[in-house]
Amino acid sequence: MGYLRLWLAVSVMLFHYGPPAGLQVINGGTDVRCFFVLSGYVIALVLDGRYRDRIGLYLKLRLLRIFPAYYAALALTLLGWGVVWFIWHLPRGPIAFWAQHPTDLLGSTLLVVQQLVLVGMEWQASLPIGGQVVMSYMCLPHAWTLAVELSFYLAAPW
């Protein structure tokens, strides 16, 4: 199963970044769904075997798997786009978008909290804030997959 999950993950990357010449890939959305279903099955097996009576440890390890790397990527992204906007004065990236399309205090607070705790990011494509799609405000738009993963981790033990 590990090789199938690896193939699906590579297929998703190729869908997003473009496959090498002559290589065909499945629709990225299909690959993502298949990857999540297969990963859910693997995680259910691990939960049933290794963490049967240790749900707290399971959740702690899952959160430590997601958040340190996510926060590091978020910090580097903000630093990079900060250089682009504040130093190079180029109107690109999420920082420029926030500056050019400000929201009210409640909208800004919800966007910041959403990006810090990864809650609700999977719904970002359909939620408008101030007339703009939430996805436009995201520093790491593809982190919605982490929100789905986190939702699964929280629901899986039950």
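This is a predicted model: local features need pLDDT of at least 70, side-chain atom pairs count only at pLDDT 80 or more; totals for chains, interfaces and linings use all residues.
Start with helix α6, residues 144-155. Its 12 residues reach 17 Å from the first C-alpha to the last. That is close to the 16 Å expected at 1.5 Å a residue. Four names make up its buried set: Ala-147, Glu-149, Leu-150 and Tyr-153. Buried here means under 20% relative accessible area. Seen down the axis of α6, these buried residues fall within an arc of 160°, so they line one face of the helix. An α-helix has 3.6 residues a turn, so residues three or four places apart point the same way. The cover over the buried residues of α6 includes α2 (28-49), α3 (55-87) and α5 (105-117).

Next, the largest pocket. About 1100 Å³ of space lies in it. Its lining counts 33 residues, and the closest to its centre are Phe-35, Phe-36, Thr-145, Leu-146 and Glu-149. Glu-149 is also one of the buried residues of α6. The elements giving two or more residues to this lining are α1 (2-17), α2, α3 and α6. Of these, α2 gives the most, with 12 residues. By class, the lining of the largest pocket holds 20 nonpolar, seven polar and six charged residues.

The second largest pocket has about 150 Å³ of space. Its lining consists of Leu-110, Leu-111, Val-113, Gln-114, Val-119, Leu-127, Ile-129 and Val-134. Helix α5 supplies the largest share of that lining, four residues. Seven of the lining residues are nonpolar and one is polar; none is charged.

How values were computed. Residues are numbered from 1 along each chain as its sequence is written. Side-chain values use heavy atoms; hydrogens and water are left out. The expected span of a helix is 1.5 Å times one less than its number of residues. Buried means under 20% relative accessible area, exposed over 50%, partly exposed in between (1.4 Å probe, protein chains only). The arc is that of the directions from the helix axis to the C-beta atoms. Contact means heavy atoms within 4.5 Å. On a 1 Å grid over the protein atoms alone, a cavity is a set of points where a 1.4 Å probe fits but cannot get out, and a pocket is an open set with protein on both sides within 12 Å along at least five of seven lines; lining residues have an atom within 4 Å of a point. Grid points are joined across faces, edges and corners, and a volume is the space filled by probe spheres set on the points. Ala, Val, Leu, Ile, Met, Phe, Trp, Tyr, Cys and Pro count as nonpolar, Asp, Glu, Lys and Arg as charged, and the others, Gly among them, as polar.
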